[in-house]
Amino acid sequence: MQAFSFQTTRSVLSEVGATEKIGSIMKARGCKKIAFITDAMILKLGLADAALAGLKKAGIAVWLFSDVVADPPQELILSAVEQAKAEKVDGVVSVGGGSSMDTAKLIAILLNTDQPIEEMYGVNLVKGERLPLVLAPTTAGTGSEVTPISIVTTGDTEKKGVVSPQLLPDFAVLDAELTVGLPVSVTAATGIDAMVHAIEAYTSKIKKNVVSDCLAKQALELLGANIRKVCDTPEDRDARANMLLGSMLAGMAFANSPVAAVHALAYPLGGHFHVPHGLSNALVLPHVMDYNMSDASGQYLELADLCFPELKGISSDKKLDSLLEKTSTISSDLGLESTLSEVGVSAADLELLAGDAMKQTRLLVNNPREMTYDAALSIYQRAL
């Protein structure tokens, strides 16, 4: 039997309206004052209201930090930590997207250790334990609520990851109500992001394991069956709940069977052109899959019907071509940009992007086919 290890979030609460229970969850952990990490738009939309009301009802004081931005820079995180130290918080809560949750995870550990953040970049380099931590995603995409990963922008554009089990929260709270008011473009992009997580986990080269495989398949079944529903009928709370669950399962899968070249090539698009992460993944996904086909065709064939239920019944010899076609058109079908040129990338930028993608060695080693600079450049050219 294959040897493997598997780690995930300690507890999950999945229930419409569940965020109002965050106060009782933190109270049970002995918290008196918590850092509440989110972004300005979440506050404006009222998505944090239920959680804040629940914390107040539980008698827990709140220090609110709502300055999180996409692809959070290291300086922002360190500034938040200094402010939180002055406030003497003893726990951390985040209601938000992946950037807010990634920020919250690092704040929770940095508040409880003297280790500099620069020493944490990499795998299993974090020393010490974190403060109590609860995460509630407002998008069905990143899966950050169940991953031991935080992505940080260092310098002007480069992204680095902190990967350590201490970043896994005490609770992941899945509340479909939080995702109902999202713009369709965000719903679509984050949904595709979650599908990429599951696809890459299932085809990951080094740490692929039976538990992650099961989770990835179940995730794709939920995501593939519901992504169009939530875009066409945004008020469908059952479909929203299924997307959140699918996103979480995909997060559990790739946290233990890591993502690969799709993410490696997507990161520079976010760093240089501020393309949302889910859309970045969508733009390179079909071209990376085509490149990987020589080494992963059997695995892609196993996933095809789950990603796109309409492919059921198509013969195996035609199904892979249909899968590539569907992944090529899913962005435009859901109203998103489908080429790099549409998000401001030009041919003159591609060598820079390929060079930066090759720095993502933590991810590239997981790809089913070895990724080279020339291959990355070719993929960007085809995506242009």
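Me: Contact here means heavy atoms within 4.5 Å, while helices (H or I, at least four residues) and strands (E, at least two) are DSSP runs numbered from the N terminus. Across which strands does helix α5 lie?

Reply: This is a predicted model, in which local features need pLDDT of at least 70 and side-chain atom pairs count only at pLDDT 80 or more, whereas totals for chains, interfaces and linings use all residues. Residues are numbered from 1 along each chain as its sequence is written, and side-chain values use heavy atoms, with hydrogens and water left out. Helix α5 (residues 98-110) lies across β7 and β8 and runs at about 95° to β7, an angle taken between N-to-C directions on a scale from 0 to 180 degrees, with axes fitted to C-alpha atoms, for helices over the stretch in contact.

Me: What makes β5 and β8 a pair of strands?

Reply: Two strands pair if DSSP finds at least two bridges between them, and two bridges join β5 to strand β8 (residues 158-163), the two running parallel. Val123, for instance, has Val163 in β8 as its bridge partner. The open sheet that these strands belong to has three strands in the order β5-β8-β7, with mixed pairing. Because β5 (122-123) and β7 (149-154) each have a single partner strand, they stand at the edges, and one side of each is left without a neighbour in the sheet.

Me: Which strands stand at the edges of the sheet with six strands?

Reply: That open sheet runs in the order β1-β9-β6-β4-β2-β3, with parallel pairing. Its edges are β1 (11-14) and β3 (61-65), each with a single partner strand, so one side of each lacks a neighbour in the sheet. From one strand to the next, the twist averages 20°. Within the sheet, β6 (residues 133-137) pairs with β9 (residues 171-174) in the parallel sense over two bridges, and Val134 has Phe171 in β9 as its bridge partner. Helix α3 (residues 49-57) packs on this sheet, touching β2 (33-37), β3 and β4 (91-96), and its direction makes about 175° with that of β2. Helix α5 packs on the sheet as well, touching β2, β4 and β6.

Me: Why is the pair of Trp63 and Phe65 called tilted?

Reply: Ring centres must lie within 6.5 Å for Phe, Tyr and Trp (its six-membered ring) to pair, and planes under 30 degrees apart count as stacked, over 60 as edge-to-face and the rest as tilted. The centres of Trp63 and Phe65 are 5.7 Å apart and the planes stand at 35°, so this pair is tilted. The structure holds one aromatic pair.

Me: How do you know whether Gly17 is buried, exposed or partly exposed?

Reply: Buried means under 20% relative accessible area and exposed over 50%, with partly exposed in between (1.4 Å probe, protein chains only). At 26%, Gly17 is therefore partly exposed, whereas Trp63 and Phe65 are buried. Gly17 lies in the loop between β1 and α1 (22-28) and, not counting residues up to four places away in sequence, touches Asp175 and Glu177.

Me: What makes a set of residues a nonpolar core?

Reply: Its members are buried Ala, Val, Leu, Ile, Met, Phe, Trp, Tyr and Cys residues joined through side-chain atoms within 4.5 Å. Of the 83 residues in the largest such core, Leu265 and Tyr380 touch the most other members, and helix α10 (residues 277-307) gives the largest share, 15 residues. Apart from this core lies another, of 30 residues, among them Phe65 and Leu133.
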